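Welcome! Here is a friendly briefing to read alongside the sequence and the 3D view.

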Amino acid sequence: MCGICGVINYNQGQEIKESSINNMCSKMVHRGPDEGGIFVKNDTYPAVGLGHRRLKIIDLSVSARQPMSNEDKTIWIVFNGEIYNFRELRKMLLDKEHKFSSHSDTEVIIHLYEEEGIDCVKKLRGMFAFAIWDSRNKLLLLARDRLGKKPLLYSYKNEIFSFASEFT
């Protein structure tokens with residue numbers, strides 16, 4: 001179990017405070033007691049903040065920390081769950097010359113998104129909820145497994161979109 005959260009602020013010129021994302025993460029420590037991380041980007045429109053609480057299961061190394069990005073830091077992900085077919089997907093992506101810095105299923109999702117766009121979700125088998133921020137396309141992709149085993153809640157109010165594994 002892990003916890004994910006984030007905020008996209010569409011109010012021009014309004015920043016997202018790191019302390020706000022840290023506060024969201026602190027309310028989910030029970031979902032991921034091993035470590036946490038945040039990503040905040042205020043110098044673009046819209047402003048973006050992502051947070052993660054981690055329970056280490058597949059790749060225990062620091063290279064699997066989240067939020068995780070692709071090589072050029074244009075795509076960011078926070079992920080909760082397990083992708084059962086990530087080894088097969090990783091092999092397919094390696095054959096297409098994608099480079100990996102971890103052995104995590106999270107990184108497979110990033111590279112699969114680079115390859116397939118939003119259709120990447122169709123190839124994932126498992127239980128999951130994740131958010132991908134694509135800064136080039138100004139796109140937030142929220143996805144959850146077909147059965148909804150992993151929680152993903154969201155809200156949109158006053159030009160602010162927020163999401164989390166749980167709201168408290």
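The notes below cover the nonpolar cores and then a pair of helices. Please keep in mind that this is a predicted model.

**The largest nonpolar core**
- The largest nonpolar core has 22 residues.
- Ile77, Ile83, Ile109, Leu124, Phe128, Phe130 and Ile132 are the members that touch the most other members.
- Strands S5 (75–83), S6 (126–134) and S7 (139–144) each give two or more residues to this core, as do helices H2 (86–95) and H3 (105–116).
- H3 gives the most, with five residues.

**A look at Ile132**
- Leaving aside neighbours within four places in sequence, Ile132 is in contact with Ile75, Trp76 and Ile77, and also with Ile109 and Tyr113.
- Leu139, Leu140 and Leu141 complete the list of contacts for Ile132.

**A second core**
- There is also a second, separate core of 14 residues.
- Among its members are Val48, Ala131, Leu152 and Phe161.

**How H2 and H3 meet**
- Two packed helices are described by the angle between their axes and the distance between the axes.
- For H2 and H3, the axes come within 10 Å and cross at roughly 45°.
- H2 and H3 are therefore oblique to each other.
- The crossing of H2 past H3 is left-handed.
- On the H2 side, the contact involves Phe86, Leu89, Arg90, Met92 and Leu93.
- On the H3 side, Asp105, Val108, His111, Leu112 and Glu115 take part.
- By type, the residues of this contact are six nonpolar, three charged and one polar.

Key: Residues numbered from 1 in each chain as written. Predicted model: local features only at pLDDT ≥ 70, side-chain atom pairs only at ≥ 80, totals over all residues. Heavy atoms only, no water. Core = buried A, V, L, I, M, F, W, Y, C linked by side-chain atoms within 4.5 Å. Buried < 20%, exposed > 50% of the residue type's maximum accessible area, 1.4 Å probe, protein only. Helix = DSSP H or I, 4+ residues; strand = E, 2+ residues; numbered from the N terminus. Contact = heavy atoms within 4.5 Å. Axes fitted to C-alpha atoms, helices over the stretch in contact; angles between N-to-C directions. Parallel < 35°, antiparallel > 145°, perpendicular 65-115°, else oblique. Left-handed = near helix turned anticlockwise from the far one by under 90°. Nonpolar A, V, L, I, M, F, W, Y, C, P; charged D, E, K, R; others polar.
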